[in-house]
Amino acid sequence: MVGSTRYLDQQNGFREDRFGQKVAELRGLVLVSALHDPRVATYAREQEELLYLSYPLRQIHYRFFDEHLYRIDLLVTGTEAIAGLRQEFVRLYGPPSSGPLGEEWVGQQTTASILSFRTRTENAYFTLSSQPLMASATQYVYHRGQMASEDSGKSLGGK
């Protein structure tokens with residue numbers, strides 16, 4: 001149902017890619033970063049159409065946790081492209097709510113969000129994510145960070 005977060009849940013991904021798919025199931029991916037941990041990895045496509053709903057994209061990153069797609073980031077540059085793509089999100093998913101970092105659409109299983117930031121130009125990340133998989137990845141990264149913090153505290157404090 002276009003115009004509501006139910007449509008977001010129905011899509012459950014981006015283009016032909018669906019949340020939960022394994023890295024090997026998506027064609028043409030190239031590793032961009034693994035954050036020093038193979039369980040958390042970011043990929044891009046060698047050959048990717050950098051156009052979505054007729055708006056130009058600067059890049060698309062596919063994020064995996066334990067080799068399962070959990071998040072897709074679309075980087076958009078320029079005020080007109082950002083405003084246009086935002087209107088398309090409103091058309092597809094209904095009106096957004098305010099989230100911790102920007103606007104968001106929260107379905108039963110899937111979330112879409114927009115985070116704007118300014119460098120020399122106006123930029124925004126349009127993010128699509130699987131709520132359960134995102135929660136697992138976030139919990140893992142947070143726990144890993146806590147353990148690294150404890151380990152460095154032990155090494156600073158001696159034996």
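**Architecture, salt bridges and surface of the predicted model**

The protein has 3 helices and 12 strands, where helices (H or I, at least four residues) and strands (E, at least two) are DSSP runs numbered from the N terminus. The model is a predicted one, in which local features need pLDDT of at least 70 and side-chain atom pairs count only at pLDDT 80 or more, while totals for chains, interfaces and linings use all residues. Residues are numbered from 1 along each chain as its sequence is written, and side-chain values use heavy atoms, with hydrogens and water left out.

Of the 159 residues of the protein, 36% count as buried; buried means under 20% relative accessible area, exposed means over 50%, and partly exposed lies in between (1.4 Å probe, protein chains only). The accessible surface of the protein amounts to about 9400 Å², and carbon and sulfur atoms hold 53% of this. Such areas come from the Shrake-Rupley method with a 1.4 Å probe, and for residues only the protein chains shown count as cover. Among contacts with a separation of 6 or more, 52% come from residues 24 or more positions apart, a contact being heavy atoms within 4.5 Å.

The sheet comes next. Two strands are said to pair if DSSP finds at least two bridges between them. As a general point, strands of a sheet pair through backbone hydrogen bonds, either parallel or antiparallel.

The end of the sheet that holds β9 can be followed strand by strand. Strands β9 and β10 run antiparallel and are joined by 2 bridges, with Ser98 standing opposite Glu103 in β10. A hairpin of 4 connecting residues leads from β9 to β10. Another hairpin, with 3 residues between its strands, is formed by β10 and β11. Here strand β10 (residues 103-106) and strand β11 (residues 110-118) pair in the antiparallel sense over 4 bridges, and Trp105 has Ala112 in β11 as its bridge partner.

Leaving aside neighbours within four places in sequence, Glu88 is in contact with Leu53 and Tyr55.

Charged side chains also meet one another. The structure holds 11 salt bridges, each being a side-chain nitrogen of Lys or Arg within 4 Å of a carboxyl oxygen of Asp or Glu. In one of them, Glu16 is joined to Arg45, with the closest N and O atoms 4.0 Å apart. Glu16 lies in the loop between β1 (13-14) and β2 (17-18) and Arg45 in strand β4 (residues 40-45), so the pair ties together parts that are 29 residues apart in sequence. Glu16 is partly exposed at 42% relative accessibility, whereas Arg45 is buried at 10%. Both residues belong to a network of salt bridges that links Arg15, Glu16, Asp17, Arg27, Arg45 and Glu48.

Asp73 is buried, with a relative accessible area of 2%. Its side chain forms a salt bridge with Arg63, the closest N and O atoms being 2.5 Å apart. This pair links Asp73 in strand β8 with Arg63 in strand β7 (residues 59-65), 10 residues apart, and Arg63 is buried as well. Asp73 also meets Arg71 in a salt bridge (2.9 Å, N to O).

Finally, the surface carries a nonpolar patch made of Leu101, Leu115 and Phe117, with about 270 Å² of accessible area together. Patches are made of residues with over 30% relative accessible area and no salt bridge; like charges are joined within 9 Å, and nonpolar side chains (Val, Leu, Ile, Met, Phe, Trp, Tyr) within 5 Å. Leu101 sits in the loop between β9 and β10 and is exposed, with a relative accessible area of 66%.
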